[in-house]
Amino acid sequence: MDSLFEHRNCPNCGENDFEVLFDSNIKRGDLQGGIDTVYMLPGGKYGRHVKCRKCQLVYVNPIEKASRINDNYSEMENIDASIIRRSRLLATKSQVKLIKRYKSNTTLLDIGCGEGFFLFNASKAGYVTKGVELSRDAARYARKEFGMDVEAKPLEELQLVENHFDVVTLWVVLEHVPYPLPLLKEVHRMLKPGGLLAVSTPNVGSMLAKILGKRWWEIRRVHINQFTTKTLMDILLNAEFKNVSSVCYRETISLLYLFTPILKYLKVYEKVKTLLYPDSILGKIMNTIMVTYPSKLNYSTVIGFK
Ligand SMILES: [Zn+2]
């Protein structure tokens, strides 16, 4: 079992002084099948959560071997794009609007771009875009559905030149990354002087997270760093970003997207899924009804400049 895990010092400040918040519920057999879903399912598996005594960052320690985590994402299959598509297209439109306030019609790199919903809206709004995504399946979707320039590689393999991009975005990515500080430093290197970085992660300091504790839907096996708005700003400052501040956009989720994980959790999804499929009448209706809320209810969103 131990050979499957690695110990981390605090991913922000590098210290090794922490208190344990709660223990892992992962057992030996749980790690064999890779990741089957990135859905927000309560009651799933999670690692041991600790809190750094020096910088207050909440992180999972130990983590599954970083190399294994990368392999899992590469092989993950994007099976539910039809369910999330409408919601993600709306939510990412609001993210583009947020970016436009600071930089418009420039070059933009989206790291961990998934199925390319944000990239599609950004390129429609006039940005010259590029995406990087570990999941080969999601990258293929972005290329095929939206014609986006997306590479299915780890960022380090792209060997992008210094001072190249005007905007870099990391939407709900940092909570998955074993070593987020080196990644942010690499982003800093690639940005032009004055370039913009926008980052979002689930907010462990939010009211919902505090009330639900380890039953909060963002406490999951694949989330290994849990930022508050404060610790997210701290790690950007640590990577030399300037004028770091907290922002907000409009999140959107369709009834269908909202209910699917609940039905899966109740183990009735398989029985009713043909009824709810996005092509069915009920599925279509539920995919049209959108729930809109300010992103800060569940996420921290922070910007910074080089
Ligand atoms: Zn720390």
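What arrangement do the four donor atoms around the zinc ion make?

## Zinc site

The four donor atoms subtend angles of 99 to 118 degrees around the zinc ion, which makes the arrangement tetrahedral (for four donors, all angles between 85 and 135 degrees). This description rests on a predicted model, in which local features need pLDDT of at least 70, side-chain atom pairs count only at pLDDT 80 or more, and totals for chains, interfaces and linings use all residues. Residues are numbered from 1 along each chain as its sequence is written, and side-chain values use heavy atoms, with hydrogens and water left out.

The zinc ion is coordinated at 2.3 Å by the SG atoms of C10, C13, C52 and C55; donors are N, O and S atoms within 2.8 Å of the metal (3.2 Å for Na, K and Ca). Along the chain, these donors follow the spacing C-x2-C-x38-C-x2-C. C13 lies in the loop between β1 (5–6) and β2 (18–22), and C55 in the loop between β3 (49–52) and β4 (58–60), so the pair ties together parts that are 42 residues apart in sequence. Strands are DSSP runs of E with at least two residues, and helices are runs of H or I with at least four. C13 counts as partly exposed at 23% relative accessibility, whereas C55, at 13%, counts as buried. Buried means under 20% relative accessible area, exposed over 50%, and partly exposed in between (1.4 Å probe, protein chains only).

## Aromatic pairs

Nine aromatic pairs are found in a search of the whole structure. Rings of Phe, Tyr and Trp (its six-membered ring) pair if their centres lie within 6.5 Å; planes under 30 degrees apart count as stacked, over 60 as edge-to-face and the rest as tilted. F22 and Y46 form an edge-to-face pair, with 5.4 Å centre to centre and 90 degrees between the planes. F22 lies in strand β2 and Y46 in the loop between β2 and β3, so this pair ties together parts that are 24 residues apart in sequence. F22 is buried, with a relative accessible area of 15%, and Y46 is buried, with 11%.

The pair of F117 and Y141 is also edge-to-face, because the ring centres are 6.1 Å apart and the planes stand at 65 degrees. F117 belongs to helix α3 and Y141 to helix α4, so the pair ties together parts that are 24 residues apart in sequence. Ring pairs link F117, F120, Y141 and F146 into a cluster.

## Nonpolar cores

The largest nonpolar core has 37 residues, and those with the most contacts inside it are I99, L108, F118, V150 and W171. Such a core is a set of buried Ala, Val, Leu, Ile, Met, Phe, Trp, Tyr and Cys residues joined through side-chain atoms within 4.5 Å. Helix α2 gives the most to this core, with seven residues. Apart from it lies another core, of 35 residues, among them L109, L184, V187 and F227.

In helix α6 (residues 180–190), the buried residues include L184 and V187. The buried residues of α6 pack against β6 (107–111), α5 (155–158), β9, β10, β11 (225–226) and α8 (229–238).

## Domains

The domain assignment, which is automatic or from a database, gives domain 1 (2–75) and domain 2 (91–203 + 222–248 + 298–305). Their centres, taken over C-alpha atoms, are separated by 22 Å. In all, 21 residues of domain 1 are in contact with 19 residues of domain 2, where contact means heavy atoms within 4.5 Å.

Note on methods. Four donors count as tetrahedral if all angles lie between 85 and 135 degrees; four count as square planar and six as octahedral if opposite donors are over 155 degrees apart and all others between 65 and 115; anything else is irregular.
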